[in-house]
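Dear colleague,

Please find below the structure I promised to pass on to you.

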Amino acid sequence: ERTGKVLGEFCRCYREQFGVALFNSVRYEIEGAGGPQAQLLHRKVPLEDHVIYSGNIFQYIEENKKWRNRFCVVPHNYGLVLYENKLAYERELPPRLLVNSAGYKILTSVEQYLELVNNSLPGVTPKSGHSPILKCPTDFPLILWHPYARHYYFCVMTGKEQEKWRAVFQDCVRHCNNGISEDSKVEAPAFTDAIRRYRQSKEQYGTWDMLCGNETQVLSNLVMEELLPELRSTIGPRLKGKAPERQRTWIQVSDAVYRMVYELAKAQYDAAVARCEQERPQLESTIRTDMDQIITSKEHLASKIRAFVLPKAEVCVRNHVQPYISSILEALMTPTSQGFAEVREVFFKEVTDMNMNVVNEGGLEKLVEYMEKLSHLAFHPVKMQSCYEKMEQLKLEGLQQRFDVSSTSVFKQRAQIHMRQQMDDAVYTFETLLHQELGKLQGKDDLCKSIQRILERVLKKFDYDSSTVRKKFFREALLQITIPFLLKKLAPTCKGELAKFQELIFEDFASFILVENTYEEVVLQSVMKDIMQAVKEAAVQRKHNLYRDSVVMHNSDPNLHLLGEGLAIDWSEEYSGQPEAEPAADRRRRAKQVVSVIQDDEGALPYGVVAEALLQPGSPEPRQPEEAQPGVPPSPLGTVKEIREVLAQESLGDGAEERLTNGTDGSAPPSPRADVPAEAKVPHATPAPPGAQSPPAACQQRSDNEPGEHGQRSPPRPRGTTESGEGVQTEF
């Protein structure tokens with residue numbers, strides 16, 4: 001009932017904002033708006049067919065309260081995919097768990113987690129001496145905490161591993177939080193404006209931490225924000241058992257409700273979008289036919305609202321905003337510019353080290369090897385961590401309370417995404433220019449000089465683009481901080497009077513012109529001049545290496561952008577001399593990976609050695625037989641023989657022992673498994689909500705004949721009983 005009520009109001013806002021966003025999009029397409037031209041190239045498909053990271057990690061299974069060794073893969077879509085072991089991943093068996101990390105926080109201590117859990121259910125705190133809700137067998141936990149969805153518990157063996165996994169998890173959260181595609185010029189602005197309008201109708205101004213994930217996740221957060229307090233007051237007193245048990249039950253209740261809300265919100269939002277898309281051709285036709293009249297009508301409305309609102313807005317800006325703009329800007333500029341400077345430094349160091357190593361170690365062959373790694377530098381969470389950490393220093397201090405900024409995380413993550421994009425643009429431009437030069441070079445000396453020359457050329461472009469991106473980010477952040485504050489201040493005297501301006505809009509144009517949107521534009525204009533001036537003065541003073549607006553690099557490389565339109569460069573295929581492509585299975589096993597596997601690092605303990613120490617003795621997990629699906633015929637005998645032959649050949653190949661034992665002691669018996677998550681035991685007809693998307697039980701459970709860590713061979717599953725790993729990953 002609550003979901004229907006919230007979504008009903010939201011969808012009304014969305015339909016209104018859809019027409020406005022469509023008008024703005026068509027107007028921009030016709031009129032254009034020239035900004036500074038980017039000097040660096042932009043890669044179209046940054047991480048196609050690559051894995052960000054993979055490695056072993058211990059996961060806590062809530063259903064049987066045990067820790068289990070899992071093989072975790074982070075594909076290019078930044079979902080967390082957990083497999084039974086490495087062999088299961090290589091053989092494309094279904095994963096145990098899929099996690100979309102949007103909205104999650106990464107915690108590295110049990111104390112942090114227990115504090116959040118205690119606050120989530122007031123009045124329920126374990127007494128001293130009682131067992132807490134979670135115990136970690138090592139000193140290096142990694143906990144994914146969400147205010148509404150289920151929590152995930154992991155741990156590793158060393159501090160170095162913890163730092164690396166934390167960087168990987170944070171990158172996943174950062175990417176998944178940015179789930180609303182900016183490529184959509186109509187749906188995305190219509191959605192975000194509708195969210196803002198809905199929250200303002202509830203007297204909620206300012207930034208919102210839970211505007212993260214895709215559209216359905218954001219809407220689920222919107223509903224849960226209102227629903228959870230009522231749910232807590234109704235259900236909280238009725239929970240039974242000791243404090244840890246009540247906390248555990250409450251987390252499960254919240255997660256179950258969140259899943260229900262997610263499914264309902266998805267259905268209603270999809271229906272609203274479908275209706276808008278159905279009306280879109282007619283709306284667009286009207287816009288293109290009557291564009292001039294719509295613009296004239298809107299300008300007339302704006303002039304009337306401006307005459308009414310602007311005097312009050314200017315007084316408010318002068319007294320409450322203008323004195324603080326320079327302080328806000330300085331607070332934003334310092335960590336942001338330090339982060340971009342670190343991006344430049346990391347890029348310079350990586351290319352310089354590559355140049356030295358190529359000269360010392362052997363020319364083109366080594367160049368190919370290093371360029372393969374360099375091409376994905378921007379998506380290396382560990383190497384980029386020093387850049388991201390600079391932004392973590394952002395503090396608005398007293399300004400945060402004054403302007404009702406609930407958290408600075410939205411600005412931190414936005415700046416970090418810009419950093420990653422600038423790094424990738426710099427790397428892509430470098431490799432494109434170097435690729436063009438390779439055919440003309442003779443010997444190591446030429447190669448060394450050419451790399452150095454291209455590096456200097458790219459750094460100049462980076463400095464210019466970095467300045468442009470940062471200035472735009474500062475302006476947007478200042479508006480995001482000050483506009484909600486002004487709207488809240490002006491609401492008592494202005495908002496009630498806006499209805500009288502509705503009669504100035506022609507009925508035919510009512511879908512494209514809204515009084516409240518025009519009112520906000522007038523308020524924005526009242527403060528925009530001061531914001532532009534503050535950023536301009538910072539650039540004139542060359543603060544933080546910002547360029548003045550008058551410095552424009554027009555077509556410094558007229559042919560460069562033509563090079564960027566070509567196919568992506570595959571260094572290994574083009575220069576390694578491999579005539580034939582790898583089979584699909586081998587390609588998956590040796591998938592190009594951005595970050596090296598953790599276990600290969602010095603000092604990391606082998607997971608097979610410590611697995612038994614973490615598992616509770618005397619409580620083996622019984623294997624559960626695989627459920628047969630009715631109506632599915634068994635695989636033909638020929639297929640079984642073929643697969644057995646292939647597995648027999650693989651077991652004789654190089655590195656077979658390492659693959660089959662998954663880094664564990666080959667003499668140890670295969671660990672039994674019945675730790676199927678509770679939600680996985682009931683197949684879902686639709687993808688599960690953001691907390692986790694678990695495959696059906698028939699896909700997760702294996703028979704006694706399924707290969708374990710010793711590589712026992714078995715007949716293949718009946719056709720249709722499993723999903724391919726690739727198919728599962730596309731659900732994110």
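The structure holds six cavities of 30 Å³ or more, a cavity being, on a 1 Å grid over the protein atoms alone, a set of points where a 1.4 Å probe fits but cannot get out, with grid points joined across faces, edges and corners and the volume taken as the space filled by probe spheres set on the points. Please bear in mind that this is a predicted model, in which local features need pLDDT of at least 70 and side-chain atom pairs count only at pLDDT 80 or more, while totals for chains, interfaces and linings use all residues. Residues are numbered from 1 along each chain as its sequence is written, and side-chain values use heavy atoms, with hydrogens and water left out.

The second largest cavity has a volume of about 80 Å³, and its lining residues (those with an atom within 4 Å of a point) are Arg197, Gln200, Tyr205, Leu487, Ala491, Lys495, Leu498, Glu516, Tyr519 and Glu520. Two or more of the lining residues come from each of α5 (187–201), α13 (443–494) and α14 (515–540), where helices are DSSP runs (H or I, at least four residues) numbered from the N terminus. The most is given by α14, with three residues. By class, this lining has five nonpolar, one polar and four charged residues; Ala, Val, Leu, Ile, Met, Phe, Trp, Tyr, Cys and Pro count as nonpolar, Asp, Glu, Lys and Arg as charged, and the others, Gly among them, as polar.

α14 also packs against helix α8 (residues 291–361), the axes coming within 6 Å and crossing at roughly 35°; axes are lines fitted to C-alpha atoms, for helices over the stretch in contact, and angles run from 0 to 180 degrees between N-to-C directions. The crossing of α8 and α14 is right-handed, that is, the near helix is turned clockwise from the far one by less than a right angle. The contact of α8 with α14 comprises 20 nonpolar, four polar and four charged residues.

Helix α1 (residues 2–31) and helix α7 (residues 243–289) have axes that come within 9 Å and cross at roughly 30°, again in a right-handed crossing.

Finally, 23 aromatic pairs were found in the whole structure, counting rings of Phe, Tyr and Trp (its six-membered ring) whose centres lie within 6.5 Å, with planes under 30 degrees apart called stacked, over 60 edge-to-face and the rest tilted. One of them is the edge-to-face pair of phenylalanine 10 and phenylalanine 191, at 5.4 Å centre to centre and 65° between the planes, which links helix α1 to helix α5 across 181 residues of the chain.

With best wishes

Note on methods
On a 1 Å grid over the protein atoms alone, a cavity is a set of points where a 1.4 Å probe fits but cannot get out, and a pocket is an open set with protein on both sides within 12 Å along at least five of seven lines; lining residues have an atom within 4 Å of a point.
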